[in-house]
Amino acid sequence: MNIKMICLGAMALSMVAGSALAAGSTGTSALDDPAKMQPFYTDSSMKTLRGNDDFVKAWKALTPDDQKMVMAACEDEAKNANPTNAHPEFCSSVKANGGSK
C-alpha cells in the first residue's frame, strides 16, 4: 500500500512540475517579450512607435518564426478585445505595415 501511494505521489508531482515547465518563462505572448518589441519603439518605455519605414525595417529584421508569433499574438488580442489589451496601436501597425506581404 505504501509503494502504491509513493508512486501515485511521484506521478502527481511529475505532472505538476511538467506543466509548470511547459509554460516557460518568456511571458504570456510574443508581445510581452521586450527583446522582440524594443526595435519597434523609439523610447525605452516602449510608448512611442517608430515611423512606418523604420517599423517595416524592424519587422523584416525579425525571423519568420518570430513574425508568425507576433502575428498570432495580435490576432489573439484582436479576438479577445477588451480594455486591458496593451498593444492595439502596435497590432494595427503590424497589420498595416508588416503583416501584408
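**A conversation about a predicted helical model**

Reader: Which residues touch the most other members of the largest nonpolar core?

Author: This is a predicted model. In its largest nonpolar core, which has 16 residues, Leu-31, Phe-40, Val-70 and Phe-90 touch the most other members. The elements that give two or more residues to this core are α3 (52-61), α4 (64-79) and α5 (88-98).

Reader: Why would such residues be found together?

Author: In soluble globular proteins, nonpolar side chains tend to be buried together.

Reader: And what is Leu-31 in contact with, leaving aside its neighbours within four places in sequence?

Author: With those neighbours set aside, the contacts of Leu-31 are Met-37, Val-70, Ala-73, Cys-74, Glu-77, His-87, Phe-90 and Cys-91.

Reader: Is that link left-handed or right-handed?

Author: The link of Cys-74 and Cys-91 is left-handed, with -80 degrees about the S-S bond.

Reader: Are these two cysteines buried or exposed?

Author: Both Cys-74 and Cys-91 are buried.

Reader: Changing topic: how many salt bridges are there?

Author: The count comes to two salt bridges. In one of them, the side chains of Asp-33 and Lys-36 meet, at 2.9 Å from N to O. Lys-36 also forms a salt bridge with Asp-66, where the closest N and O atoms are 3.9 Å apart.

Reader: Where do Lys-36 and Asp-66 lie?

Author: Lys-36 lies in helix α2 (residues 34-37) and Asp-66 in helix α4, so this pair ties together parts that are 30 residues apart in sequence. Through shared partners, the salt bridges join Asp-33, Lys-36 and Asp-66 into one network.

Reader: Why does Lys-36 count as buried?

Author: Lys-36 counts as buried because its relative accessibility is 15%, and the cut-off for buried is under 20%. Asp-33 counts as buried at 18% relative accessibility. Asp-66 is buried too, with a relative accessible area of 18%.

Reader: Let us turn to α3. Which residues are buried there?

Author: In α3, the buried residues are Phe-55, Ala-58 and Trp-59.

Reader: Why do they line one face of the helix?

Author: Seen down the axis of α3, the buried residues fall within an arc of 105 degrees, so they line one face of the helix. An α-helix has 3.6 residues a turn, so residues three or four places apart point the same way.

Reader: Which exposed residues does the face turned away from the buried side carry?

Author: That face of α3 carries the exposed residues Asp-53, Lys-57, Lys-60 and Ala-61.

Reader: Now the whole chain. How many helices and strands does the secondary structure come to?

Author: The secondary structure comes to five helices and zero strands. Read along the sequence, the pattern is α-α-α-α-α.

Reader: What share of the chain counts as buried?

Author: Of its 101 residues, 24% count as buried. The accessible surface of the chain comes to about 7200 Å², and 61% of that surface belongs to carbon and sulfur atoms.

Reader: And which share of the contacts joins residues at least 24 apart?

Author: Among contacts between residues at least 6 apart in sequence, 48% join residues at least 24 apart.

Definitions and conventions
Residues are numbered from 1 along each chain as its sequence is written. This is a predicted model: local features need pLDDT of at least 70, side-chain atom pairs count only at pLDDT 80 or more; totals for chains, interfaces and linings use all residues. Side-chain values use heavy atoms; hydrogens and water are left out. A nonpolar core is a set of buried Ala, Val, Leu, Ile, Met, Phe, Trp, Tyr and Cys residues joined through side-chain atoms within 4.5 Å. Buried means under 20% relative accessible area, exposed over 50%, partly exposed in between (1.4 Å probe, protein chains only). Helices (H or I, at least four residues) and strands (E, at least two) are DSSP runs, numbered from the N terminus. Contact means heavy atoms within 4.5 Å. A salt bridge is a side-chain nitrogen of Lys or Arg within 4 Å of a carboxyl oxygen of Asp or Glu. The arc is that of the directions from the helix axis to the C-beta atoms. A disulfide is a pair of cysteine sulfur atoms within 2.5 Å. Accessible areas come from the Shrake-Rupley method with a 1.4 Å probe; for residues, only the protein chains shown count as cover.
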